[in-house]
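This briefing is for a reader who is new to the structure shown below. Short notes follow, grouped by topic.

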Amino acid sequence: METQSNPHHLILGKLNDFLTGAVLADTLDERYRQKIAKHLVSVCGFEKKDIQSNITLEVAAGEKKAAVKIDFLVRHKKKIIALIKFAPGSLVTRRLSTLALSRIIKPYQVPIVVITNGEDAEILDGNSGKVVATGLENLPDKNTVTKNMASFLFEPVETVRFDQASRIAYACEVDGACPCDSDVCIIK
């Protein structure tokens with residue numbers, strides 16, 4: 001077993017990314033991400049090409065800027081219908097920041113927002129922010145999304161709300177990040 005410059009993550013070897021085939025460091029967190037990706041394809045019925053992974057998003061709070069990672073965006077009929085954020089530990093403490101990310105990743109509100117620790121999940125309605133389901137078994141599937149597509153509003157995010165969401169994401173994902181989190185990059 002190797003260690004890396006960030007002692008927070010034990011590297012167990014290498015693995016091939018399920019979606020892209022790229023060789024990645026095999027960490028416990030990465031194993032959970034791979035489990036989620038496989039679930040989205042094999043259980044939820046999405047095609048690999050409909051799932052974007054490891055997305056970098058810039059967040060800002062006034063003059064402060066940083067880049068944070070989004071684990072998955074799921075596309076259906078040329079629209080992002082779900083944002084999925086993996087974070088170890090408590091789901092409840094990550095609701096607000098994940099919902100905020102769903103308001104700044106696209107010019108419209110992403111309708112389905114998922115926060116998961118790889119063992120459990122909370123599925124939120126992007127518009128209301130309310131938890132509509134829990135558990136990995138309730139991740140959105142392609143058939144349900146197809147049936148509900150007409151009910152998704154894809155409302156534009158107003159400038160004021162976008163700025164507020166970006167500040168919330170910065171506060172939670174950057175200022176509130178674990179000092180050993182190597183996925184956060186401060187932009188000067």
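Where is Glu47 found? Glu47 lies in the loop that runs between helix 1 (28-42) and strand 5 (51-61). The model is a predicted one. The protein contains four helices and eleven strands, and of its 188 residues, 45% are buried. Among contacts with a separation of 6 or more, 52% are made by residues 24 or more positions apart.

- Glu47 has a relative accessibility of 38%, so it counts as partly exposed, because the partly exposed class lies between under 20% for buried and over 50% for exposed.
- Apart from neighbours within four places in sequence, Glu47 is in contact with Val41 and Lys142.
- Leu19 is 28 residues from Glu47 in sequence, and the two C-alpha atoms are 9.3 Å apart in space.

**Helix 1**

- Helix 1 is made of 15 residues.
- From its first C-alpha to its last, helix 1 reaches 21 Å, which is close to the 21 Å expected at 1.5 Å a residue.
- Its buried residues are Asp29, Glu30, Arg33, Gln34, Ile36, Ala37, His39 and Leu40.
- The cover over these buried residues of helix 1 includes strand 3 (14-16), strand 4 (23-25) and strand 5.
- Strand 6 (64-76), strand 7 (79-86) and strand 8 (112-116) are also included in that cover.

**Strand 5: Asn54 and Val59**

- Two residues described here, Asn54 and Val59, are found in strand 5.
- Is Asn54 buried or exposed? Its relative accessibility is 52%, so Asn54 counts as exposed.
- The phi of Asn54 is near 55°, a positive value in a residue other than glycine.
- Not counting residues up to four places away in sequence, Asn54 touches Lys69, Ile70 and Asp71.
- Asn54 and Leu73 are 19 residues apart along the chain, and 8.9 Å separates their C-alpha atoms.
- Val59 counts as buried because its relative accessibility is 1%.
- Residues up to four places away in sequence aside, Val59 touches Lys64, Lys65, Ala66, Val68, Leu101, Ile104, Ser166, Ala169, Tyr170 and Val174.
- One of these, Leu101, is also a buried residue of helix 2, and Ala169, another of them, belongs to helix 4.
- Val59 and Ile187 are 128 residues apart along the chain, with their C-alpha atoms separated by 9.6 Å.

- Helix 2 is mostly covered, with six of its eight residues buried.
- Which residues of helix 2 are buried? They are Ser97, Thr98, Leu99, Ala100, Leu101 and Ser102.
- What covers them includes strand 5, strand 6, strand 7, strand 8, strand 9 (121-125) and helix 4.
- Helix 2 (residues 95-102) packs with helix 4 (residues 159-175) at an angle of about 135°, and their axes are 8 Å apart.
- The crossing of helix 2 and helix 4 is left-handed.
- On the helix 2 side, Leu96, Ser97, Ala100 and Leu101 take part in the contact, and they meet Ala165, Ile168, Ala169, Cys172 and Glu173 in helix 4.
- By class, this contact of helix 2 with helix 4 has seven nonpolar residues, one polar and one charged.

**Phe154**

- Although Phe154 is not a glycine, it has a positive phi of about 50°.
- Its relative accessibility is 14%, so Phe154 counts as buried.

How values were computed
Residues numbered from 1 in each chain as written. Predicted model: local features only at pLDDT ≥ 70, side-chain atom pairs only at ≥ 80, totals over all residues. Heavy atoms only, no water. Buried < 20%, exposed > 50% of the residue type's maximum accessible area, 1.4 Å probe, protein only. Contact = heavy atoms within 4.5 Å. Expected span 1.5 Å × (residues − 1). Axes fitted to C-alpha atoms, helices over the stretch in contact; angles between N-to-C directions. Left-handed = near helix turned anticlockwise from the far one by under 90°. Nonpolar A, V, L, I, M, F, W, Y, C, P; charged D, E, K, R; others polar.
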